[in-house]
Each structure stands twice: as C-alpha cells, then as structure tokens.
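This briefing is for a reader who has not seen the structure before.

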Amino acid sequence: MLINDSTITSSDNKAKVRKNMYDSGLMIGHFEPLHLGQMRSILDAAGQAKTLHIVIMLHPSPHPDFTITLQDKARWLQMACANLPFIHIHTTHEIELPLHEHFADVSIDVASSNAKLRRLTEALDLSAETVLFVADNHPLAQPDTHEQLLLQVATTPLQSEFNSYAIAQNPVAHWSAIHPQARGDYTKTVAIVGGESSGKTTLVHKLANYYGASFVLEMGRLYVGTDLGGSEVGLQYSDYGPIVLNHAQAIRDAVTNATAPITIVDTDFVTTQAFCEEYEGRTHPFVAACIDEFRLDHTLMLDNNTPWVDDGMRSLGTPEARGRFEQRLVDIFARHGIEPHMIDQPDYDARYQQALLFIDQHIYGKKP
C-alpha cells in the first residue's frame, strides 16, 4: 500500500519518546481477559494524553472454556474506566491483531500496520497527530519500525509481572491478575442439588471455604423466611416465579463479585420446578424458561442416601417421598438437556471429597 508522505511524521519528531501531554492517544488490543497489567498501561497512557481511545479487537485464539464477546470486553473496560471520562472505548470486528507469545524475532509488516492504523483513524475521526501507545518492548516501538508508521509512537512501561499470553492461555491459574470487572466471565457456576436433607447446604459452605469462593444460598428457604413467615403453609403456585427471580439475581450478584474461578450455588431452578410439581401438581412455565435461560455451568447432584433430619421445614422424609422427588429431579434435568454429575457416597466427608475431585478436574484442570 502506498502512503502519502504528508501523513508521515518526520523521524526527527519520532526520536526517543518523552513524557509529553499529547492531545489524542490510541491503544489497540485484545484485552482477553482484561488484566491488571493492561489496566496499568492504560492509566500510564491516559497520563500522557488529554483523550485516550482504546480499540478492542477479537482474540485470534480464544480460550475454548470461555465464551467472550467484544461486548463483554467493552463492558469490562467501560466499567473499569467509568469515572475516567477522557478514556473512550471502541470495538471492531474488521481488524485483526496477531498473537505473540513473546516479541523476540517478530517481524512487522509496516504496510499492513499502516493500513490498519489508517482505517482506525478514519473510522474514529482521529487527527494525524494522534499518538499510538505501545509497551516499551513492543516491536512497533523499535526505531527502524516506528519511523515508518503512520502515527507517532509513545510507550508505556513494560508490566513484566503480567504475561498477557500466559493469562489468556490459562486464566484460572492467573485468577489474581484478572481485573475485577472481568472475573465474572471467568468464574464457573457449580450448583449443588438434591432432595431434602441430602447435605446440600453444608457441602456448599465447605466448598466455598475450601476454594475461597462466592456462594448463593437456597432461595426457596430464604423466601419462606422473608415472605411467608417461616413456614411453607402459605406457599402457593404464584410464589415460584419470585423465588426463581430472586435466585437469578443472587447468582448474578455472586458471579459479578466472584472471588474465585468457581461460584457455588445452593440448589438451582430445576429444584424449584421439582418442588412446584411436587406441591402444586403442575409445571411452572416461567420456572421452565429460567432453567433454559439461566444455565449454570456444572451441576452436582447428591444422592438421597443420607439420614433424613427434620429441621421443621422439611416434609419429604419417607423413603417413598425421597425416592419420588429424586426421580422428579432426574426427569426435569433430562427434559432440559442437563446432565448432572452424581455424588453418590452416603458418607458426608466422602461426598465432599467427590465434589473436590470433580471441581479440581473440570474447573482447575488438575489431573486425578
């Protein structure tokens, strides 16, 4: 591609970068996931430019365990920079950036780079004086390269403690490096389900403590306490909608504020549907819609083979009732295409160990 000489800043002006205050700056990246090192680079660039434009692009090799959209990444940065009005966030599907594990021996196609910069500056209506910000060690910062670029180049300090390539390849192992605004998209929800007195709540608290994870309490039980006076005597068909809405919001809050790569959920929407069918004799269509819309990542189902304990709110204590309810859960899972992982040990500690093994393998990627 031929470039108009008048659009290229002279090499004298692109000598060693000084900490000037530029009118307009540009940063480009994948930001998948957004991590603290990238945020520090953004803040450094923002200290050098009156207005900073950040362009987010698709990742060329997205992680197979996480579905991240451009809109997700835009939301992370918009939220992180919400109180920094001089930072403007943009996305594009049209321009791709290569992915490098390291910059050693990386060659730059100047013509291609200039073509991409021209398209971006035209699309964003940026002035020819806009400065492109890159890390100190970036190939574009090398004198023999940046002298040929359409835009002047400025650098931000290298964040050597943060390896963007390694974080993208294994975000779970680099959880602490991920920016808090992005962590909600990198935590996996694990529902603990089962019949009454199967040890769900105790297991939830043990797992949350083990992993340092956020957790969601059983919403049906909370609802009975807050809206029905502590007894299920007044529970009726119209209560199941509010129960699942409250549960969905509680899950969203826990995921948004995730403290670990796993978020534990006490019971799920399938369990709420099972209780509705058990007590009301019919399926609740809104609960059914929530089962499909608010999918959890993993479900651990506890077998009803532990002693039944009457806590004043339980009513399905006979072997027949417990077996019927468990089968109802299985049927509803099948109806919605959900395959729970069965925890079948009758010993409570053995159940805990089974759950740890599953989570370590399927979320943390540990070998058995």
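Proline 33 lies in the loop between β1 (22-29) and α1 (36-46); helices (H or I, at least four residues) and strands (E, at least two) are DSSP runs, numbered from the N terminus. This is a predicted model, in which local features need pLDDT of at least 70 and side-chain atom pairs count only at pLDDT 80 or more, while totals for chains, interfaces and linings use all residues. Residues are numbered from 1 along each chain as its sequence is written, and side-chain values use heavy atoms, with hydrogens and water left out.

**Backbone in two loops**

- The peptide bond that leads from glutamate 32 to proline 33 is cis, with omega near 0°.
- Phenylalanine 31 also has its place in the loop between β1 and α1, and its phi is near 50°, a positive value in a residue other than glycine.
- With 5% relative accessibility, phenylalanine 31 counts as buried (buried means under 20% relative accessible area, exposed over 50%, and partly exposed in between, with a 1.4 Å probe and protein chains only).
- Threonine 267, in the loop between β8 and α10 (269-280), has a positive phi near 65°.
- Threonine 267 is buried, at a relative accessible area of 3%.
- As background, most residues other than glycine have a negative phi, and most peptide bonds are trans.

**The sheet**

- Five strands make up an open sheet with parallel pairing, in the order β7-β8-β6-β9-β10; two strands pair if DSSP finds at least two bridges between them.
- β7 (215-216) and β10 (341-343) are at the edges with a single partner strand each, so one side of each has no neighbour in the sheet.
- Strands β6 (residues 188-194) and β8 (residues 262-266) pair in the parallel sense over five bridges.
- Across this pairing, alanine 191 has valine 265 in β8 as its bridge partner, and isoleucine 192 stands opposite aspartate 266 in β8.
- β7 and β8 run parallel and are joined by two bridges.

**Cover around β8**

- Five of the five residues of β8 are buried.
- Ile262, Ile264 and Asp266 point one way from β8, whereas Thr263 and Val265 point the other way.
- In a regular strand, side chains alternate between the two faces of the sheet.
- Helix α7 (residues 200-211) lies across β6, β7, β8 and β9 (298-302), at about 165° to β8; axes are lines fitted to C-alpha atoms, for helices over the stretch in contact, and angles run from 0 to 180 degrees between N-to-C directions.

**Two phenylalanines**

- Phenylalanine 215 lies in strand β7 and stands opposite isoleucine 264 in β8.
- At 35% relative accessibility, phenylalanine 215 counts as partly exposed.
- Phenylalanine 66 is in the loop between β2 (49-57) and α2 (70-80), and at 7% relative accessibility it counts as buried.
- Apart from neighbours within four places in sequence, phenylalanine 66 is in contact with Pro171, Val172, Asp185, Tyr186 and Lys188 (contact means heavy atoms within 4.5 Å).
- Phenylalanine 66 and threonine 187 are 121 residues apart along the chain, and their C-alpha atoms are separated by 9.2 Å.
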